[in-house]
Amino acid sequence: MKSATTWLRRNLVVIAGLGTLAYLILPNVVVTVFSFNNPTGRFNYAWQEFSLDAWKDPCGVADMCGSLSLSLQIALWATIGATVLGTAIAFAMVRYRFRGRGAVNSLIFLPMAMPEIVMAASLLALFLNMGIQLGFWTILIAHVMFCLSFVVAAVKARVLSMDPRLEEAARDLYAGPVQTFLRVTLPIAAPGIAAGALLSFALSFDDFIITNFNSGNTVTFPMFVWGSAQRGTPVQINVIGTAMFVIAVLVVLGGQMVANRRKKAQPK
Amino acid sequence: MTAPATLPEVAVSAEPPVHKPSLKKRLVPYWLLLPGILWLVVFFVLPMVYQASTSVQTGSLEEGFKVTWHFQTYWDAFTEYYPQFLRSLLYAGTATALCLLLGYPLAYLIAFKAGRWRNLLLVLVIAPFFTSFLIRTLAWKTILADGGPVVGVLNTVGFLDVTSWLGMTEGDRVLATPLAVVCGLTYNFLPFMILPLYTSLERIDTRLHEAAGDLYARPATVFRKVTFPLSMPGVVSGTLLTFIPASGDYVNAELLGSTDTRMIGNVIQSQYLRILDYPTAAALSFILMAIVLVMVTIYIRRAGTEDLV
C-alpha cells in the first residue's frame, strides 16, 4: 500500500504543473463567466446576476467593434508585411554567405532584446521630429518593425533543420531555380512561415505599448480596452475576450489535427 | 563573435556546393535582405538616433526643442527617478524568478509526462497569446478584489501576514499593492518562460535519464545533474524573454497597482504622452535600455550560452 506522501512525491511535478496551468487559465475563466454578468454601475468587476444581453448584442457598445475591425486590419497587413520581409531575410541568412552577416544578425536580434517601451518611445521621437501625422500608417509601420524579428527567428529555425540535399536532388532532376523553390523549398519551409505569421498576427493584434505611443487619436481594440479601464468596462469586452479564446483554441487544435492526419497518411 | 578569419571558409564547404557564382547570383542575398533590413534601419535604428538627439535637447513645447547637448538631463532624470528604476528591476526580477519556479514544472510535465495530452496542454499555454492580454489583466482585478475569495483564503492561511511583513501587501488588501503588480507581471510573461523551457526540455534524449537511473542516480540527482543542465538554453532565453519586457512594462503597474508601485515604464509613458517633457522621457528610456543591455550581456556571459534564438 502506498502512503499519501509517496503518492504526493511521485506526482509532485504533475500537481505543480497543473497548478501553473490553473494560474494561466484562471483569468480566461473569469472573463468567460463575467461575459454573462449584468453589472450595476460602470465597471464589470463584481458579479451581479446572470444575463445573456451582452452575447445577444456584442457590438452594442459605441466604437468597440470599429476598434476591433481596425485591429484586425492592422494585424492582417502587419502579418503580410512582416512575413514577406522576414522570410526573405531568413532565407538569405541560412542559404547564403555574405559580408556583414554578424551585423545583420545583431540588427535582427536587438528588437527582441529591448524593452518594448524603448522602441515605442524612439519611434514616437522619429515621428514627432519628422512631423508625421500619427494614425493608421504609423501603427502599421511600427507593427511590421517589431514582428519582423520574430518571423525571421521562426523561419530560420525551420530552414536550418531542412536537408539541403532535397534541393540538390531537385536540381539534379532538372528543376529550375524557381521550380525548386516553389515545389521543394517553400513547402518544407511552410510550417515555419506559418508559425511566424501566426505569431505576428497575435503580437500585432494584441500590442498595446507600441500602439499606445504611436496611434495618435486612432483607437485599436487594445486601446479601447485600456480606455475602458478608466471610463468603465462594458460586458461586451468580456464577450470578445471569450470568443477570441475559443476561436484561438479551435484554430490551433484544428491545425494540429490536420497536421497529425497528414503525418499518418504519409507512408513510412 | 571574433572567430579567426579562416573559420567561415571551413563552414562554406558544409554548405551546398556553389559553382562559380556570377555577379548576379552573388547579389541574391543582398536583394533578399534589402527590404527587411531597410525597414529595420529606418524604423528601428534611425528612431534610436532621433531619440538620442531628443535626449540632449532643451526647450519647451511652446518655443520648440533645440539640440543643446544638455547631458545634465540624464543625471537629473536618473537622480529623480532612481526609485522607479530600482522598483522596476526588483519587480521584473521577482516576476522572472516566479515564472521560472512556476513554469518549469509545467514545461517538464508537457515535455515528459503529458503523453497524448501534450498538444492540448500546449494549446492552453499558447491560447492566451491570442486573447487580449489587457482583458485578462483586468480579470485579475476581479480575482484579487478586496474581500473576495482569493484574498479571504490568503488571509486565512496567514499568507498576507508574511507578504505584509515583506512589504508586499498592506493589511488585508492585495489589489493596489506590489504583490498584485508582481502577480500580474508573472502571469503576463509566464508563456514566454514556458515555451523556451519546453523546447529545450523536449530535445533531451530520455535515454540519458534511463542511463542515469541505471547508474543508481536518484530522481532528484538525475534532475540536478542531467535534466537541468541540459535545459539551460531554455532557462536563459526564458528568463531573458520574461525579464526584458517585464522591466519596461507599465500596464500591470497601472491596472493592478497604485501610485506607490509605479515602475519606470509608467514614468516614461506619462513623460512622453501626458507631461510632454520629451528630453527627460528620452533620457529615461535610454537609461533603461542601457541598464537592460548591460544586465543581459553580463547574464549571457555568465550563463555561457551564445545560441539564443
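**Notes on the helices, salt bridges and surface of this model**

1. A salt bridge here is a side-chain nitrogen of Lys or Arg within 4 Å of a carboxyl oxygen of Asp or Glu. B:Arg118 lies in helix 5 (residues 118–126) of chain B and B:Glu202 in helix 9 of chain B, so the pair ties together parts that are 84 residues apart in sequence. Helices are DSSP runs (H or I, at least four residues), numbered from the N terminus.

2. Please keep in mind that this is a predicted model, where local features need pLDDT of at least 70 and side-chain atom pairs count only at pLDDT 80 or more, while totals for chains, interfaces and linings use all residues. Side-chain values use heavy atoms, with hydrogens and water left out, residues are numbered from 1 along each chain as its sequence is written, and chains are lettered from A and ligands numbered from 1 in the order in which they are written.

3. Over all chains, the count comes to 5 salt bridges. One of them joins the side chains of A:Glu167 and A:Arg95 (2.3 Å, N to O). This pair links distant parts of the chain, with A:Glu167 in helix 8 (residues 164–172) of chain A and A:Arg95 in helix 4 of chain A, 72 residues apart. A:Glu167 is buried at 9% relative accessible area, and A:Arg95 is buried at 17%. Buried means under 20% relative accessible area, exposed over 50%, and partly exposed in between (1.4 Å probe, protein chains only).

4. Back in chain B, 21 of the 25 residues of helix 9 are buried, so this helix is largely enclosed by the rest of the structure. Helix 9 bends by about 45° at B:Phe189, and a proline, B:Pro191, follows within four residues. The bend is the angle between axes fitted to the seven residues ending at a residue and the seven starting there.

5. Most residues other than glycine have a negative phi. Phi of A:Asp63 is near 70°; A:Asp63 lies in the loop between helix 3 (53–56) and helix 4 (64–95) of chain A and counts as exposed at 62% relative accessibility. Phi of B:Ala176 is also near 70°, and B:Ala176 lies in the loop between helix 8 (159–165) and helix 9 of chain B.

Methods: Helix = DSSP H or I, 4+ residues; strand = E, 2+ residues; numbered from the N terminus.
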